[in-house]
Amino acid sequence: MKKMNKGKLAAKFSASNIIWVLFRFILLLGLSYVIISPFLQKISAMFMSLSDLQNPTVWMVPLNPTFDNIMRVIEYGEYLPAFFNSALISTICAVLQTFTCCMVGYGFAKFKFKGRTFFFLMAVLTIIIPPQTLYLSMYMKFRYFDIFGLFELFGIGNIKLVETILPSTILSATALGLKNGLYIFVMRQFFKGVPHELNEAAWVDGCNPIRAFFSIMMPLAKSMLVSIFLLSFAWQWTDTFYSGLFNRSMVVLPMILNKVTRIATEAITTGTMMSSVMQNTAVIMIIAPLFVFYLVFQRKLIQGIERSGIVG
C-alpha cells in the first residue's frame, strides 16, 4: 500500500515537473520571439528590393534579394570613411579611458588622503549628471582652449580644438570622458577586493607605488581592463553627443543616419517605406561591428564583470 502511494506521489510530481518545464519553455520561446523578431525583420528588409517591400505576400524571406540598400548606405552615407573615423576615435578614447580610470580607481581604493570620499562622490556624480547640461560650457572651453590663461599670457592666444579629435582625447586622458565615472567606480570596487598585503610586500621589496601598480596591480586587473576597454569602445562607437559637439565636420558612424535618411527621402525615392528601410539598414550596419566585437570578446567581458566586486 505504501509502495503504491509512493508511486502515485512520484508520478504526480513527475507530471507537475513536466508541466512546469513546458510552461517555462513556451514562455521563454514567446519572449524570445517578441525580442528577436523585429531584428530579424530589419535584417531581412536590408536585402529586399522595392518590389518585395510593396508585395504584401513577402514576409521575412525576399523574393528578389538585392544588396542595393547596403550599397546605397556605403555610397551616400560615406560609410567607409565614417567607419575608419569611428574606429580611430573609439580606439584612442577607449585606451586612454581604460588606463586613466584604472589609475584613478586604484588611487581611491588603496591610498588614504584628505577629501578622498568627496572626490570619489564627485566622480560618481558624473554618472548622474546629464552631459547635455554641460553642452555650452564644454564647447566654449575647447573652442577657445587655454590652460589657466598661460597661452594668453605668453601671447599664443586661444587655440581652436573643435572639429578635431583632441577634445575627446583630452577628456579621456584626464578621466573626464564619456562614462568615466562608471569605470572609476568599477575599478575602485575591484582594487578594494585585492589584499593590501600585496602592496605592502612590494614596498618592502623596494617597489615604489608606481612600479607596484604597473608590475602587480595591472596584471591582476587584466580581465577588468579588457571589460572597461570593451564598454568604452562600444559607448564611444555609438556616441552622438560628443561627436555632434566636437566633430561636426568629421563624418562618423552615428552621424550617417541623418544623411542616409535625407538622401533616401529626396534622391532615391519619395516613398516613406524605402526611407524607413534605408534607416534600418544604416542602423544595422552601425551596430554590426559591435556585435562581432562582442562575439569575439564576450568571455573576457563576462569574466571582468564577475570579478568587478559589484555583484554578490
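Student: Let's take isoleucine 184. Which helix is it found in?
Tutor: Isoleucine 184 belongs to helix H9. Keep in mind that this is a predicted model.

Student: Is isoleucine 184 buried or exposed?
Tutor: Isoleucine 184 is buried, because its relative accessibility is 4% and buried means under 20%.

Student: And what does isoleucine 184 touch, not counting residues up to four places away in sequence?
Tutor: With those left out, isoleucine 184 touches Cys101, Val104, Gly105, Phe108, Ala123 and Ala175. There is also cysteine 102, which is 82 residues away along the chain, yet its C-alpha atom is 6.8 Å from that of isoleucine 184.

Student: Staying with H9, at what angle do H9 and H12 pack?
Tutor: The angle is about 170 degrees, and the axes are 11 Å apart. H12 covers residues 222–237.

Student: What do you call that arrangement of H9 and H12?
Tutor: Roughly antiparallel, because the angle is about 170 degrees and angles over 145 count that way.

Student: Which residues make the contact?
Tutor: From H9 there are Leu182, Tyr183, Val186, Met187 and Phe190. H12 supplies Met224, Leu225, Ile228, Leu231, Ser232 and Trp235. Ten residues of this contact are nonpolar, one is polar and none is charged.

Student: New topic: pockets. What volume does the largest pocket have?
Tutor: The largest pocket has a volume of about 800 Å³.

Student: How many residues line the largest pocket, and which lie nearest its centre?
Tutor: The lining has 32 residues, and those nearest the centre are Leu134, Leu171, Leu176, Gly177 and Tyr242. The elements that give two or more residues to the lining are H4 (79–110), H5 (116–128), H6 (135–143), H8 (166–173) and H9 (180–192).

Student: How does the lining of the largest pocket split by class?
Tutor: It has 22 nonpolar, six polar and four charged residues.

Student: You listed H8. What about serine 168, where is it found?
Tutor: Serine 168 sits in helix H8. At 6% relative accessibility, serine 168 counts as buried. Leaving aside neighbours within four places in sequence, serine 168 is in contact with Cys93, Tyr242, Phe246 and Asn247.

Student: Is valine 162 buried or exposed?
Tutor: Buried, at 3% relative accessibility. Not counting residues up to four places away in sequence, valine 162 touches Tyr139, Phe142, Arg143, Pro167 and Phe246.

Student: One more residue: how does leucine 96 count?
Tutor: Leucine 96 counts as partly exposed, at 25% relative accessibility. It is found in helix H4. Leaving out residues up to four places away, leucine 96 touches Thr169, Ser172 and Ala173. From leucine 96 to threonine 169 is 73 residues in sequence and 7.6 Å in space, C-alpha to C-alpha.

Student: Back to the whole chain. How many helices and strands does the chain have?
Tutor: The chain has 15 helices and zero strands. It has 312 residues, of which 36% count as buried.

Student: What share of contacts join residues at least 24 apart?
Tutor: Among contacts between residues at least 6 apart in sequence, 71% do.

Note on methods. Residues numbered from 1 in each chain as written. Predicted model: local features only at pLDDT ≥ 70, side-chain atom pairs only at ≥ 80, totals over all residues. Heavy atoms only, no water. 1 Å grid on protein atoms, 1.4 Å probe; cavity = no way out; pocket = protein on both sides within 12 Å on 5 of 7 lines; lining within 4 Å. Points joined across faces, edges and corners; volume = space filled by probe spheres on them. Helix = DSSP H or I, 4+ residues; strand = E, 2+ residues; numbered from the N terminus. Nonpolar A, V, L, I, M, F, W, Y, C, P; charged D, E, K, R; others polar. Axes fitted to C-alpha atoms, helices over the stretch in contact; angles between N-to-C directions. Parallel < 35°, antiparallel > 145°, perpendicular 65-115°, else oblique. Contact = heavy atoms within 4.5 Å. Buried < 20%, exposed > 50% of the residue type's maximum accessible area, 1.4 Å probe, protein only.
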